[in-house]
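The sequence and the model are shown below, and the description follows.

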Amino acid sequence: MSSPKLPEWMIIPTRWSQIDKTLWVGSWPSDGAPTFPQYIVNLYPWGQYEIHPHQLQLTARLYDAGEIPDETLLHHVADQINKWRAQGPTLVHCQQGLNRSPLVVALALIKSGMSPPGAIQLLRKKRGPQVLFNRVFEQWLLEKGARQCS
């Protein structure tokens, strides 16, 4: 039995999209970790894979649902992303790279000084217009996430 096909609007042309010099967002590397990142943030712990000896990995369980995941965890992950991306290539992924990973990457960008609309716009430009189709995540970034980061 084959897997159900994704709707056309959810199809992303690349597995990983480069957001800035040291930051990538993407989908679950089902065939193993890519070699390019020094750091990996895995927000899809249900899909296990081996990392390379030169890599460090942070794994967090986030759900793509109609509510915001634990805010303390979101801030912890965003802070770690900013720490790691200052040191080297960092990949942040969830299952498809559309909601969970863009949520924490946008928060990291906001914490680095980018405006919430600017962070969302950058992610959509680099990854695709489908990014943050979970409107609860987008709205949180625009409202509460922005206040918490100021």
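In which sense do S2 and strand S5 pair, and over how many bridges? The two strands pair in the parallel sense, over four bridges, with S5 formed by residues 90–93. The model described here is a predicted one.

**Overall architecture**

The protein contains four helices and five strands. Along the sequence these elements follow the pattern β-β-β-β-α-β-α-α-α. Of its 150 residues, 49% count as buried. The exposed surface comes to about 7800 Å², of which carbon and sulfur atoms supply 53%. When contacts between residues at least 6 apart in sequence are considered, 61% of them join residues at least 24 apart.

Strand S2 spans residues 23–26 and is covered on both faces. In a regular strand the side chains alternate between the two faces of the sheet. In S2, Leu-23 and Val-25 lie on one side, Trp-24 and Gly-26 lie on the other, and all four are buried.

Besides its parallel pairing with S5, S2 pairs with strand S1 (residues 16–20) in the antiparallel sense, again over four bridges. A hairpin of two residues joins S1 to S2. Within this pairing, Gln-18 has Trp-24 as its bridge partner.

**His-93**

His-93 belongs to strand S5. Is this residue buried or exposed? His-93 has a relative accessible area of 0%, and because buried means under 20%, it counts as buried. Its side chain makes a polar contact of 2.6 Å with that of Tyr-49. Leaving aside neighbours within four places in sequence, the residues in contact with His-93 include Gly-26, Trp-28, Ile-40, Val-41, Tyr-44, Tyr-49 and Ser-101.

**Aromatic pairs**

A search of the whole structure finds six aromatic pairs. Two of them are set out in the table.

| Ring pair | Distance of centres | Angle of planes | Class |
|---|---|---|---|
| Tyr-44 and Trp-46 | 5.4 Å | 55° | tilted |
| Trp-46 and Tyr-63 | 5.5 Å | 55° | tilted |

The pair of Trp-46 and Tyr-63 links distant parts of the chain, as the two residues are 17 residues apart. Trp-46 lies in the loop between strand S3 (39–42) and strand S4 (56–59), and Tyr-63 in the loop between S4 and helix H1. Through ring pairs, Trp-28, Tyr-44, Trp-46 and Tyr-63 are linked into a cluster.

Trp-46, at 39% relative accessibility, counts as partly exposed. The two residues fall into these classes because buried means under 20% and exposed over 50%, with partly exposed in between.

**Helix H1**

Helix H1 covers residues 71–85. With 15 residues, H1 reaches 21 Å from its first C-alpha to its last, close to the 21 Å expected at 1.5 Å a residue. Its N-terminal end is capped by Asp-70, where a side-chain oxygen lies 3.2 Å from the backbone nitrogen of Thr-72. Among the buried residues of H1 are Leu-74, His-75, Val-77, Ala-78, Ile-81, Trp-84 and Arg-85; Gln-80 and Asn-82 are buried as well.

Terms used: Residues numbered from 1 in each chain as written. Predicted model: local features only at pLDDT ≥ 70, side-chain atom pairs only at ≥ 80, totals over all residues. Heavy atoms only, no water. Buried < 20%, exposed > 50% of the residue type's maximum accessible area, 1.4 Å probe, protein only. Contact = heavy atoms within 4.5 Å. Areas by Shrake-Rupley, 256 points an atom, 1.4 Å probe, with all protein chains shown as cover. Pairing = 2+ DSSP bridges. Phe/Tyr/Trp six-rings, centres within 6.5 Å; stacked < 30°, edge-to-face > 60°. Expected span 1.5 Å × (residues − 1). Polar contact = N/O pair within 3.5 Å; in protein donor to acceptor, adjacent residues only side chain to side chain.
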